[in-house]
Every structure is written in C-alpha cells, then in structure tokens.
Amino acid sequence: MRILIDTDVLLDVALAREQHLAASAAVLEWAESGGEAAVAWHSLTNCSYLLKGGRGFLKKLLRIVEVPEVGTQDAKWAVESPMTDLEDAFQTAAALSWKADFIVTRNLVDYRKSPVPAISPSAFLKKNVN
C-alpha cells in the first residue's frame, strides 16, 4: 500500500495537536516501520513556514517518506482539475505522480473529486494496522 500524507496530518504531529495526534502519529509510525509513504514537495515548505523552520521535524520525516517527482505537467493537471481547493489538487498531482493508493488526510471533503481516494488517518489505520 502506497500513501501520500497530507500536510494536515504532518502538522498534527509537529504541533502536537492533541485531538488528532494519536492517529496522525500512528500513520507516521506505520511509515517508519516500512510502510510506503510520501509527502508532496510543497508540504515540506508549508511545514517549514508554519513551524518557523522545523528543520528537526523535517529531517526526521525525510528519513521515513519519499518526495514524488513532479513537474510542469503535474502542475497543469492540478490547475485544470475539477477539485475546488487548488492546494489539495497539487497534493493529488503528487499522489498521482507517485502512484499512491490513498491520500491520508483529515480534509476528506476537499478531496471528493480526487482520482486518488482520500482516507482519514484513523480509517487508514483500521484498514492497515488492525
């Protein structure tokens, strides 16, 4: 199973968002234990900005995930996609490029038109850990 992890899940862990921390941290633990996981390039810059640096978190993250190669055609796909939220369309473009089976996110609503199915961290864990 290949997953692309959305920025909200990363920030749950980096910012220790109590309500979401357990499930989001477990997704990263799944990746660390050998699960195939990736994050979009722009998730790294978003985290860096919101964490006011966040180099330590990002160094640890990059030990356990891949960053899909994306380019102009992927960006054009995102801009032309029927998805309402453009940032989520860029996440989807990265997921498509990496051939992800799922995008793990808490923002399921904005991924309704994504060709890569979105799944919440807790639903993903039920499907793959239990």
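The crossing of helices H5 and H6 is right-handed, a term used where the near helix is turned clockwise from the far one by less than a right angle, left-handed being the anticlockwise case. Helices (H or I, at least four residues) and strands (E, at least two) are DSSP runs numbered from the N terminus. The model is predicted: local features need pLDDT of at least 70 and side-chain atom pairs count only at pLDDT 80 or more, whereas totals for chains, interfaces and linings use all residues. Residues are numbered from 1 along each chain as its sequence is written, and side-chain values use heavy atoms, with hydrogens and water left out.

H5 (residues 72-80) packs against H6 at an angle of about 135°, and the two axes lie 8 Å apart. Axes are lines fitted to C-alpha atoms, for helices over the stretch in contact, and angles run from 0 to 180 degrees between N-to-C directions. The angle makes H5 oblique to H6; angles under 35 degrees count as roughly parallel, over 145 as roughly antiparallel, 65 to 115 as roughly perpendicular and the rest as oblique. Contact (heavy atoms within 4.5 Å) is made by Asp74, Ala75, Trp77, Ala78 and Val79 of H5 with Leu86, Ala89, Phe90, Thr92, Ala93, Leu96 and Ser97 of H6. By class, these residues comprise nine nonpolar, two polar and one charged, where Ala, Val, Leu, Ile, Met, Phe, Trp, Tyr, Cys and Pro count as nonpolar, Asp, Glu, Lys and Arg as charged, and the others, Gly among them, as polar.

H3 (residues 41-50) and H4 (residues 55-62) pack at about 155° with an axis separation of 9 Å, which makes H3 roughly antiparallel to H4. This crossing is also right-handed. Leu44, Cys47 and Ser48 of H3 meet Leu58, Leu61 and Leu62 of H4, a set of five nonpolar residues, one polar and no charged. Buried residues of H3 are His42, Ser43, Leu44 and Cys47, buried meaning under 20% relative accessible area, exposed over 50% and partly exposed in between (1.4 Å probe, protein chains only). They pack against E1, H1, H4 and H6 (86-98). Just after H3, Lys52 takes a positive phi of about 55°.

The largest nonpolar core contains 24 residues, and Ile3, Ile5, Leu10, Leu61 and Phe124 have the most contacts inside it. Such a core is a set of buried Ala, Val, Leu, Ile, Met, Phe, Trp, Tyr and Cys residues joined through side-chain atoms within 4.5 Å. At least two residues each are supplied by E1 (2-5), H1 (7-14), H2 (18-32), H3, H4, E3 (102-104) and H7 (121-128), with the largest share, four residues, coming from H2. Beyond its neighbours within four places in sequence, Leu61 is in contact with Leu10, Leu28, Val39 and Leu44. A second, separate core of 14 residues includes Leu4, Met83, Ala100 and Val116.

Asn128, in H7, is partly exposed at 26% relative accessible area. The C-alpha atoms of Asn128 and Trp30 are 8.9 Å apart, although 98 residues separate the two along the chain.

Most residues other than glycine have a negative phi. Ala16, in the loop between H1 and H2, has a positive phi near 50° and is partly exposed, at 46%. Lys99, in the loop between H6 and E3, has a positive phi of about 60° and counts as exposed, at 63% relative accessibility.
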